[in-house]
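Trainee: Could you take me through how to read a structure of this kind, from the overall shape down to single residues?

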Amino acid sequence: MKKSILLYGVCGGLLIAALKVIEYRFLVLEHSLEIYGGLIAIVFASVGIWLGLTLTRTVEVEKVVVREIAVPASGPFIRNAAAVSERGITPRELEILEHIASGKSTREIAAALFVTENTVKTHASRLFGKLDVNRRTQAIVEGKRLGLIP
């Protein structure tokens, strides 16, 4: 009797395994398009990740240490009075140029000098014309070149 129970158990197991194989084959045949699409998506995603990591790999660069070194001034600043009088620059325009060189905005300059922003703009515009420049940065460079500001 034990043999027959064992034989029935083995046959039942084989029958269940055969049904699972048939079910698997049916699943593959029925959904083959989705399975192939998924496999292709996995391949392309893997290649994309690999390519992205390869192309964006950082290259080791030698590290450069930059250190500021204080350079003593050769002496006190002496304004070039000849350039000031030659160009007809007023003391207020020089004051505006100094504030521009210190990095202040038009509003900050107006507040420091107790004038309106339009007054600062007018002085700056006249100064730009006398220095023959169009921008604040150009005015600073030209002012330093002429010895108007330190």
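Predicted model: local features only at pLDDT ≥ 70, side-chain atom pairs only at ≥ 80, totals over all residues.

Trainee: What does the secondary structure of the chain come to?

Mentor: One begins by listing the elements in order. Here there are seven helices and zero strands, and the pattern read along the sequence is accordingly written α-α-α-α-α-α-α.

Trainee: How does the radius of gyration of the chain stand against that of a compact globule?

Mentor: For 150 residues a compact globule would have a radius of gyration near 15 Å, whereas the chain has 42 Å. The C-alpha trace spans about 125 × 40 × 25 Å along its principal axes, and 19% of the 150 residues count as buried. The accessible surface comes to about 12400 Å², with 65% of it belonging to carbon and sulfur atoms. Even so, among contacts with a separation of 6 or more, 59% are between residues 24 or more positions apart.

Trainee: How should I read the sides of a helix, and which residues of α5 are buried?

Mentor: The general idea is that an α-helix has 3.6 residues a turn, so residues three or four places apart point the same way. In helix α5, which runs over residues 106–113, the buried residues are T106, I109, A110 and L113. They lie on the same side of α5 because they cover an arc of only 100° around the axis. The face turned away from that buried side carries R107 and A111, which are exposed.

Trainee: Which helices do the buried residues of α5 pack against?

Mentor: Their partners are α4 (91–101), α6 (117–131) and α7 (136–146). Turning to α4, its buried residues are E93, L94, I96, L97, H99 and I100, and these pack against α3 (81–87) as well as α5, α6 and α7.

Trainee: Is H123 buried or exposed?

Mentor: One compares the relative accessibility with the cut-off for burial, which is under 20%. H123, found in helix α6, counts as buried because its relative accessibility is 18%. Leaving aside neighbours within four places in sequence, H123 is in contact with R92, E93 and I96, and of these E93 and I96 are among the buried residues of α4.

Trainee: Where does V133 lie, and what does V133 touch?

Mentor: V133 lies in the loop between α6 and α7, and at 12% relative accessibility V133 counts as buried. Not counting residues up to four places away in sequence, V133 touches F128, Q138, A139 and E142. V133 and A45 are 88 residues apart in sequence, with 56 Å between their C-alpha atoms.

Methods. Residues numbered from 1 in each chain as written. Heavy atoms only, no water. Buried < 20%, exposed > 50% of the residue type's maximum accessible area, 1.4 Å probe, protein only. Helix = DSSP H or I, 4+ residues; strand = E, 2+ residues; numbered from the N terminus. Arc of directions from axis to C-beta. Contact = heavy atoms within 4.5 Å. Rg over C-alpha atoms; globule rule 2.2 N^0.38 Å. Areas by Shrake-Rupley, 256 points an atom, 1.4 Å probe, with all protein chains shown as cover.
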